[in-house]
Structure formats: C-alpha cells, structure tokens
Amino acid sequence: MTLKYLVTGATGGLGAGVLSYLAATLPSGEYAAASSREENRKQFEDRGIAFRVVNYEDPLSMESSFQDVENLLFVSTNTFDVEKRRKQHQSVVDAANKMNVWYTSLAFGGYESNSKADVQQAHLMTEEMMRQTKLNYTSVREGLYVDAFPVFMGWYPSTSTVYLPSDGPVAFTLREELAEATARLMIRGGHDREIVLITAQQTITFSEIVDLINETTARQVQFKLVSPEEFVKLKADDEGGKPEGFFKALVSWYDGISKGETSTIDPLMADLLGRDPVSPRDAIRKFLTEDRDYEWHQNYLKRG
C-alpha cells in the first residue's frame, strides 16, 4: 500500500505542525510520522498515527521506512557538526531516490545561493546534493521563526540593553503558519526541482522589535549597535549559558541580515494559506501580551 506522506522530525516543532495539519485534513492511511527513536512510536500510535523509524545514520532503516512512500518531508538534522550533517543528509538523499522530497531549508539569501551565514551552509550543501541527482525535490526555504526572536535578539526578560552588530530587516514568520503552508504545499504538489520561499509578507528590524517590547510590556529596554568583536565579548556571561562559539557563528548571521539576506518576501505563503500570514509585528505583540516575560527554549543551553 502506498503511503502518500511521511513526515520526518515529527517530534520537533515544524515537523509536528506539518503532521498535525495532515492529520486534520487527510484520511489516516495517507500519512505517517517518522523519528529516529523507536521509543517515540507509542505517542503517535496512541493518536492513531502510523509510525516509521527513520535514522539518518542508518541507511538500512531508511531503505525499509521509505518503501512505497510518495512524498517525504525531509527535516534537516540539528547537529552543529558539519561533516556529520553532510553524511546524514547524503544518506537521506541516496535513500530517497524514488519519491518526491520536500526539504526544509532556510530563507537566508532569499532565492540566491551565495549566503555566507553559518546557519545556511548546511542547507546550501544539501540543496547541491539534491541538484546533483535525478531526485524530484523541492527545497522549501522557510522564513526565520518569529517565535524565536529572543534568540536572534539575545533578549531575556531581564535584559535592559540589547547589543547587536546589525539592525537589518527580517521577514520573521510564525512557525505554526510555516508548518501549515508547508503541508499545503506538499498536498498541492508541483515546484519540481525548484527552490521556493515561504515567508511573512512584512519585515521588521531589531530596533523596531525593541520598541515593540517597550510598548507592549512597559519596559525601557535600550538598543545599541556594536562591533562584531564587542558583541562576542559582551556575550561572555550569556544568561542562557551559550558558549562563545555560538556567538561567533551568529556574527555571520548578522552580516547576512545587514546585507538584506532575510528581507526577501514572497506571495507564495499567502497563496498557500488563502489569507495574509500573521505579520512579525502582530506575532511578537501577541507573544508579549500573553506573557510579558516571553521566552524561547533555544535561548537557554541549560535550565536550572
């Protein structure tokens, strides 16, 4: 029996959102969840969702789990080890040669493929892997999560001054809507061997976000531009416990942002949703109205 949609990363935020939309829209026999851990099976099967183990480091597991699958949501692995990620992604590309692959990339650089942002390099590498094959793929360049704005800002509820080396525009996009749009894109089909961009329809700068924090929470947070070197130095005692290497990598992100790499918007997301996506300003205002001390989990390496 053919399985129309297999969703990897089904325990993560984006993958879980795609799966939820498919579950609310399609007959249960048309989709399945995938994770690298067998122990995750029960949580899906208890919900009536079929489950397959897909371990990017185990080609045999993929050979078995990819059998009779028409469409694969290929969620990028989250390791920071570039060589490990290259091997993992190459294994997926090699195993997925008989299906339509929807790869979750990132929107640094818009439609261009020359971004130097550290976070984009694995995505560009994977896109090139797929391009060198006969694989029927679509690289879905997703807008940066507006939900994660505290990470991009280095902002915590206790922060009195935000220090950054850039104040460029970002088409921050709500993760929940990215998941819905990605699911709708998979169902609609098309865009074979193409790069597509799904983003909100507006941008916002970091200084504008600081103004919004103050407006919404009655804080008096300051915003200051600093050199990349000073930025890294100021993060030596990061409240979230993130290491120096993380902030050194962030410098390349901010350089890309200052060059306009995150400012490209595209009407595709609105077309897929059948409505205007939530603007970054409205999303952040809602987060802070519901919780003036809004936090994002990835801002904290270790929690007490």
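User: Leaving aside its neighbours within four places in sequence, which residues is Y294 in contact with?

Analyst: Contact requires heavy atoms within 4.5 Å. By that criterion, and with neighbours within four places in sequence set aside, Y294 touches D147, F149, P150, W155, P157, F287 and L288 in this predicted model. Y294 and W155 are 139 residues apart in sequence, yet their C-alpha atoms are 9.8 Å apart in space.

The model is predicted, so local features need pLDDT of at least 70 and side-chain atom pairs pLDDT 80 or more, while totals for chains, interfaces and linings use all residues. Residues are numbered from 1 along each chain as its sequence is written, and side-chain values use heavy atoms, with hydrogens and water left out.

User: Is Y294 buried or exposed?

Analyst: Buried means under 20% relative accessible area, exposed over 50%, and partly exposed in between (1.4 Å probe, protein chains only). Y294 counts as buried because its relative accessibility is 12%.

User: How are two packed helices described?

Analyst: The description consists of the angle between their axes and the distance between the axes. Here helix 1 (residues 13-25) packs on helix 7 (residues 175-188) at about 55°, with the axes 8 Å apart. Helix 1 is therefore oblique to helix 7; angles under 35 degrees count as roughly parallel, over 145 as roughly antiparallel, 65 to 115 as roughly perpendicular and the rest as oblique.

User: Which residues of helix 7 are buried?

Analyst: They are E177, L178, A179, E180, A181, T182, A183, L185 and M186. Helix 7 is followed by G189, with a positive phi near 80°.

Note on methods. Axes fitted to C-alpha atoms, helices over the stretch in contact; angles between N-to-C directions. Helix = DSSP H or I, 4+ residues; strand = E, 2+ residues; numbered from the N terminus.
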